[in-house]
Amino acid sequence: MLDRPLAPPPVEVIVAVTQALHREARLLDNEDLDGWLAMLGKDVSYRLELKSRRFRADRSPPLPLGPGVIFNEDLGRLKMRVDRLKSGFVWAEDPPNYIRRAVSNVEVLANQADNEVRVHSVLVMHRNRIDGTTRLLTAGRTDRWRSEGSCWLLASRDIVLDHSVMPDSNLNAFF
Amino acid sequence: MNDNIADLVDSRTGRQSRSIYASEDIYRQELERIFGRCWLFLVHTSQIPKPGDYFRTFMGEDDVIVIRQKDGSIKAFLNSCTHRGNRICRADRGNARAFTCNYHGWSFSPDGALAGVPLESEAYFGELDRTKFGLIPVTKVAEYKGLVFGCWDANSPSLDDYLGDAKFFLDVWLDAMPGGSALLGETQKMVLGTNWKLPVENVCGDGYHLGWAHAGAMAAVQSMDLTGLSVGNSGVDLDGGLSVAGMNGHMVLSALDGVSGYAFYPDPKPILEYLEANRQTVIDRLGEVRGRQVWGAQVNITIFPNLQLLPGLNWFRVYHPKGPTQIEQWTWAMAENDMPEAVKAQILENQCLTFGLAGLFDNDDGDNLTACTEQSRGWRTAQMDVYTNMALGRSGKREGFPGDIASGLVSEHNQRYFYRRWQEHMMAETWAEVPTYNINSLTDEEAEHA
């Protein structure tokens, strides 16, 4: 935790980072995956951990090797996923699914490093799939965004998915 | 109904009626004659190591809690209050001294006994016989080397006999190394709009789909050869693997190179080092054939009806039916306890990458299975058949292995045996009518010296 409260980031920073979140969602919706990769820091960490539903009073120790992940990606792994999606062999994405992301509840907070901010947001992903069904996924995100030159880059994202049973047959999509 | 079932599947020609993937009547009969009768996987002992540890799962559509007892044994009960039927445990797993029903506060101890009843003397006038209201136990619970199974049918064969010659292959994971096995991570749960038999069929024998359905994933992560299977299904080496069936309805696909299980690891080096460092130990324990050729190779093991484990790719999975056209698919990573921690961590990581909820391979299968199910529900499609008629009549004995064996991972030999077993169970009124067969069974001595 922080020793002392940090001054809130300047309004221009809050606007710029919020706009970056919206731009990111639009690039992903439009399947501009290279454009999206260009918004990521070289050291990006992109994680979504598994969890289980437990009683509040449960005292079981953590699992020996941790919970496992849905995503635990660095830039190389994200590029690999993008390469797969662009390979022309991913039949589940052809014809394209209709995907729309809504970003909300954006909080931009100061971070210890001057050129970084911490960002909380909520993502709602609407997927109208080839099979004619619609799935709605919601997730909370805690990010670090870093100012590099004239742009803000995503340095890390921890995702919490609000589904104990994945209601969809694939996650060929990024949060 | 039995006349009808006899018509629905022809294992000699490899034909199935599409109605078996969508009919409500057939599904109700499956719950009785397959899920109500067969040994079903409940939990791995590593998932409930301490007294009071519990794990919630399903047997067919019946909600079950599996609990480690004070004496170290394992019991399983219906997750349902004996008073009004409410679910007593809503958590996925954990540790508990008691399970208390939300509705009226009846509480049950881990051994299933009814331990507490609010207002017992005031409202029941002390006349309630608690011994008659313990949790309903699963009729039989038994373990095979860490795998715990339950069975509702008192007349079933023992778990040992039920598994039969599939144990020859199960031991390649469970007993290759002295430290035994474990499942890793939380349960990876996904709902799929498929009939439960389609994913079982897909993994039990269908090497054919690999190079096509998973071409994108193979292009992304393949680092080694797997019996010549290649992106776009442009080639295959049928001498490099086996399709093994005829073992009480259990099936195995196995490559024979001792390493290809790790072909879909972008960096297989640490695991290959582990395999080579321990190869001789495994040969000493399991013999040449399993130690040199099977351990480390890509192996798909299916335990009828709904358990699949793939040593190598290291995923372990059960399919819980939720009606004729829906399942919950539950997956874990599997490891050997003797593996270094770093190797176990890599296995958990790679299992999640390839066959997890955002798995590069898994994400290809769901839509195919769902669509096969949907294309069985129409007025016209429900009257149609589908086929598993590849390489008919091309199976036999293979030196060193039990089972009726076809060459290669690309064959539909195993699927035919799967549907044959399904039909045998569906037509049988009782376990006594279900045939037992372990074709080309090896003697213990043959297995050891194979």
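The model is predicted: local features need pLDDT of at least 70, side-chain atom pairs count only at pLDDT 80 or more, and totals for chains, interfaces and linings use all residues. Residues are numbered from 1 along each chain as its sequence is written, while chains are lettered from A and ligands numbered from 1 in the order in which they are written. Helices (H or I, at least four residues) and strands (E, at least two) are DSSP runs, numbered from the N terminus.

**Sheet in chain A**

- Six strands of chain A form an open sheet with mixed pairing, in the order 2-1-6-5-4-3. Strands pair if DSSP finds at least two bridges between them.
- Its edges are strand 2 (69–73) and strand 3 (98–110) of chain A, each pairing on one side only.
- From one strand to the next, the twist averages 20°.
- Strand 1 (residues 40–49) of chain A runs antiparallel to strand 2 of chain A, with four bridges between them. In this pair, A:Arg47 has A:Asn72 in strand 2 as its bridge partner.
- Helix 3 (residues 75–86) of chain A packs on the sheet and touches strand 1 and strand 2 of chain A. The direction of helix 3 makes about 75° with that of strand 1 of chain A. Axes are lines fitted to C-alpha atoms, for helices over the stretch in contact, and angles run from 0 to 180 degrees between N-to-C directions.

**Nonpolar core**

- The largest nonpolar core has 162 residues. Such a core is a set of buried Ala, Val, Leu, Ile, Met, Phe, Trp, Tyr and Cys residues joined through C-beta atoms within 7 Å.
- A residue is buried if 20 or more other C-beta atoms lie within 10 Å of its own, exposed if 12 or fewer, and partly exposed in between; C-beta atoms are placed from the backbone.
- A:Ile70, B:Val64 and B:Val66 touch the most other members of the core.
- Helix 5 (residues 166–174) of chain B gives the most to this core, with seven residues.
- Domain 1 (40–142) and domain 2 (165–449) of chain B each supply at least three residues to this core.
- Beyond its neighbours within four places in sequence, A:Ile70 contacts residues of both chains: A:Leu48, A:Leu50, A:Leu161, A:Leu171, B:Cys352, B:Gly356, B:Leu357 and B:Ala358. Contact means that C-beta atoms, placed from the backbone, lie within 7 Å.

**Domains of chain B**

- Chain B is divided into domain 1 (40–142) and domain 2 (165–449). Domain bounds come from an automatic or database domain assignment.
- The centres of these two domains, taken over C-alpha atoms, are 33 Å apart.
- Nine residues from domain 1 and ten residues from domain 2 of chain B make the contact.
- On the domain 1 side, strand 3 (residues 40–44) of chain B gives the most, with three residues.
- That side of domain 1 has three nonpolar, four polar and two charged residues. Ala, Val, Leu, Ile, Met, Phe, Trp, Tyr, Cys and Pro count as nonpolar, Asp, Glu, Lys and Arg as charged, and the others, Gly among them, as polar.

**Contact between the chains**

- Chain B puts 36 residues into the contact, and chain A puts in 34 residues.
- Elements giving two or more residues to the chain B side include strand 7 (93–95), helix 8 (215–221) and helix 11 (341–355) of chain B.
- Strand 13 of chain B gives the most to that side, with nine residues.
- By class, the chain B side has 17 nonpolar, ten polar and nine charged residues.

**Backbone spots**

- The peptide bond from A:Asp94 to A:Pro95 is cis, with omega near 5°. A:Pro95 sits in the loop between helix 3 and strand 3 of chain A.
- B:Phe304 and B:Pro305 are also joined by a cis peptide bond, with omega about 5°.
- B:Asn248 has a positive phi near 50°. B:Asn248 counts as buried because it has 24 C-beta neighbours inside 10 Å.
- B:Asn440 has a positive phi near 55°. With 17 C-beta neighbours inside 10 Å, B:Asn440 counts as partly exposed.

Definitions and conventions: Contact = placed C-beta atoms within 7 Å.
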